[in-house]
Amino acid sequence: MATLTQEKQAVIIKFAGDSGDGMQLTGGLFTDDTAISGSDLATFPDFPAEIRAPIGTLAGVSGFQLHFGSERIYTPGDRYDVLVAMNAAALKSNISNVRKGGTIIINEDGFDSKNLRLAKYDEDKNPLDDNTLEGFETIKIPVTKLTREAISESTLGTKEKDRCKNMFVLGFLLWRYSRSMDTTTKFLNAKFKNKPDILDANQKALMAGYNLADTMEVVQDRYVVKPAKLAPGKYRSIMGNDALVMGLVTASKKLGLSLFYGSYPITPASSILHSLSKYKNFGVRTFQAEDEIAAVSSAIGASYGGSLGITGTSGPGLALKGEAMGLAVMLELPLVVIDVQRGGPSTGLPTKTEQSDLLQALYGRNGECPMPVIASSTPSDCFEVAMEACRIAVQHMTPVVLLSDGYIANGAEPWRFPKASDIPEMKVSFAKQNENGEPFMPYQRDEKLARQWAIPGTPGLLHRVGGIEKEDVTGNISYDPANHEHMVKTRERKVEMIADYIPEQKIESGHESGSLLLLGWGSTYGVCEAVTNSLTKMGYSVGHAHLRYLRPFPRNLEELMKRFDKIVIPEINNGQLVKVIRDKYLLPAIPYNKIQGTPIAHEELFDFVLNLLK
Amino acid sequence: MAIDSNPNGTPYTLKAKDFATDQDVRWCPGCGDYSILKQVQTTLADLGKQPHETVFVSGIGCSSRFPYYMETYGMHSIHGRAPAFASGLKIANPNLSIWVITGDGDGLSIGGNHFIHLLRRNFDLNLLLFNNQIYGLTKGQYSPTSEENKRTPSTPYGSIDHPVNPIALALGSDATFVARSMDRDTKHLKDMLARADAHRGTSFLEIYQNCNIFNDGAFEVFTEKTSKPATTLLLESGQPLVFGQEGEKGIRLDGFTPTVVDLRSDGFTKDDLWVHDDSDQLKANILARFFDNPAVNPSALPRPFGVFYQTQRPCYEEMLHQQLNAVVENLGEGDLDKMLAGGSTWEIK
């Protein structure tokens, strides 16, 4: 049968299988290949909190969603064009999101009576045999059986052979999207360099899947997605936490400071600790502390000693760090606190995304405890935001909170990475002994109201710091009422003055003024862009502004918001930024909230905004 | 504020008072902390320490006010966490002489976790635990080292908590230097401070300190001239364990069981006694269990003072920097452009 190659503008694929089926790896490898082919893309890995949830159950389904295309891609997409379902549970939990007429690639071997029972299908009602799959293009493949056959000569045990199933599926999809196996082969060669039998089995499975797609009669169509029209330059694929790490390392080099990272493992921030620990040849010192409090405290200790002290965590850890962050506010030392947010409260939804720590970051400490808060909006944006957090911390002598979230941390996108020489050096200075013999005043301030960074080991600067209220200028302990109020106001003013050292707020896309402003922060960037584009194409005067700086807000924010009749604030929480905006500017901003551990879908926000415009 | 070195960089010879700040010391009159402060200032001067290379890091509590009174660098941090601040600081600058000041509440209750991990990691710094067996700053509640059945504002019918044994906990955490001293024996305290400083690794020194307001006389039985000889045992490595008014009593080991013998009547000589060896961890653990209170139990073994145990193990900051250097040697200095490009890239023209 002749193969037809059709051109597609954009495709959404969802890989779904059991936690142990290797769907994250399959999705990741297909993403790498997609990126290299020049498509724009966005990903959304979605996996259970349990490392190995019971095999075959609905709770154990792990998914990886990829949206790629020759146009700009802003979100991982709402409805799948293709669903890969490795077992009955994967089909059951994902079929409702496959678009009508979409393709479902099924591993038939994942639908035996046990799998059906675990997926809570009636045992006598196999979805492969009834009308469940009506209206979809269905490709049924006995993946387990064919994988075993393809590597029958391998000496591996059955369990290990079955682990190659994901390569079989990957091979199948690579053919279908007109790709070669080169990138994957390169990856396998590197990963299993010292395990020739495993390497051989994976390669054979990959090849078998690829060849099956080529020869299988039901697969008539082959698709090609042309490269996206992205700005010229050199690109790579990047995930949020990796971009964050590179931003921190770059900042430490540009500041000429040693980077110290104190952290305690927590999902979804742990990979920051992992990646930084690999960059020891950049002088990075990582310290896996005994708990979250020790992690932030060690970072403050390192900052006191003249290093760039950084700590990273997720919501529950931020709660534990609160008291030490308050100390950093009193000590007026540089510190970056990264919070990769996840569903809360308490343990909440550890592997799911949420934006529900904004109020904690802004207010979650005892006393009047102001701290700059900035947020990254996309995986690649994490790079710049990380550098910016370090710059603010060092130049304004203050702890800074950097908010990311699970969706950004694990999501991937193409990144036009900069040349190191194009990134400007950042200024930092340490206090020195006064030449005129005048005593050193640890709480004397510059025009930014920042005090000097005086590090132990320097002659002539002996002083004591601590959490008890200080007398202005001298830094001595003071219980004087007027001094306390003065210091509270001074610390507040210092943080507010940062607004003079950050850019004004821009309109990201759409109209500069008009009927409705979508005001977002963090990981809603993509969906705000996509919805704004859709609505402006329909003729509505909608604009999108996305806040990187959440404290202080950009100087012109009020003026910008007032250019629109309505303000909608979409958030993956129960309405947090909207409270702050209403409080600060007395504007009737309208919340749009989703609190399901997943990003906001294009169609839901689109419908909501359209309703307001009608 | 003192200028701590000549403009040409040569250090002044300093006296104890050069380590004192101009701040009023705000401990209660008669507090044991005064003596400790004095001995620390004297010892630093005697050891020729330079103030700008010395840092005192504390948590919260009466003892933790210590840094404000030391003309060095200092950080009065948050409750229980001083070890963590000190760890980060030591990594940032391994050349500093760091002294962590803590108390029984700060170090063993709220900061118990950090206490364990500081000791096992073995940073090269000194940890001074002022043990007064009471919460002073919060006005007299029982502490984790208070004896059982203690009546305090929070335990009007007597406490039911079993007390921590700080020396045993330190040994259990694999500390590399474990010692005990007391505020009232200034000579012994100075000697212990100097030996703690000389030890490379985390030196743990427990100091019995009298809180004359909320727990006066808690250690009287060990500090008063009349009772001290019979209730205390001075540890000297290489010397037999002898105590008593005229050194008439000794400790023998019967298997793993320590027994008190009378050298005048029991037919033993000093040659029959347990000879202290501060490199013997097993026996240090037995000494740590000399913990009954002679004021309550007259047949209690005497309370040991001195160095229980010391050993050499590589310091955390040393290994951390060795590893950094080894990676640089192996991979070369990090190249930002290589890092940014990562594994695979593509170009759009």
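Guide: In this predicted model, chain A is divided into three stretches: domain 1 covers residues 4-225, domain 2 covers 236-422, and domain 3 covers 509-613. Between domain 2 and domain 3 of chain A, the C-alpha centres are 26 Å apart. These two domains touch each other, with 21 residues of domain 2 of chain A in contact with 21 residues of domain 3 of chain A. On the domain 2 side, at least two residues each are supplied by helix 13 (358-363), strand 14 (373-375), strand 15 (399-405) and helix 15 (406-410) of chain A. Sorted by class, that side of domain 2 of chain A has 12 nonpolar, 6 polar and 3 charged residues.

Chain A also meets chain B: 62 residues of chain A are in contact with 56 residues of chain B. Several elements of chain A each supply at least two residues of the side touching chain B, among them helix 1 (23-36), strand 9 (233-239), helix 9 (240-255), helix 12 (315-331) and strand 17 (464-466). Helix 11 of chain A provides the largest share of this side, namely 9 residues. The side of chain A that touches chain B has, by class, 30 nonpolar, 21 polar and 11 charged residues.

Strand pairing also links the two chains: strand 17 of chain A pairs with strand 2 (residues 73-76) of chain B in the parallel sense, over 3 bridges. Within strand 2 of chain B, B:G74 is the bridge partner of A:R464.

Conventions
Residues are numbered from 1 along each chain as its sequence is written. Chains are lettered from A and ligands numbered from 1 in the order in which they are written. This is a predicted model: local features need pLDDT of at least 70, side-chain atom pairs count only at pLDDT 80 or more; totals for chains, interfaces and linings use all residues. Two residues are in contact if their C-beta atoms, placed from the backbone, lie within 7 Å. Helices (H or I, at least four residues) and strands (E, at least two) are DSSP runs, numbered from the N terminus. Ala, Val, Leu, Ile, Met, Phe, Trp, Tyr, Cys and Pro count as nonpolar, Asp, Glu, Lys and Arg as charged, and the others, Gly among them, as polar. Two strands pair if DSSP finds at least two bridges between them. Domain bounds come from an automatic or database domain assignment.
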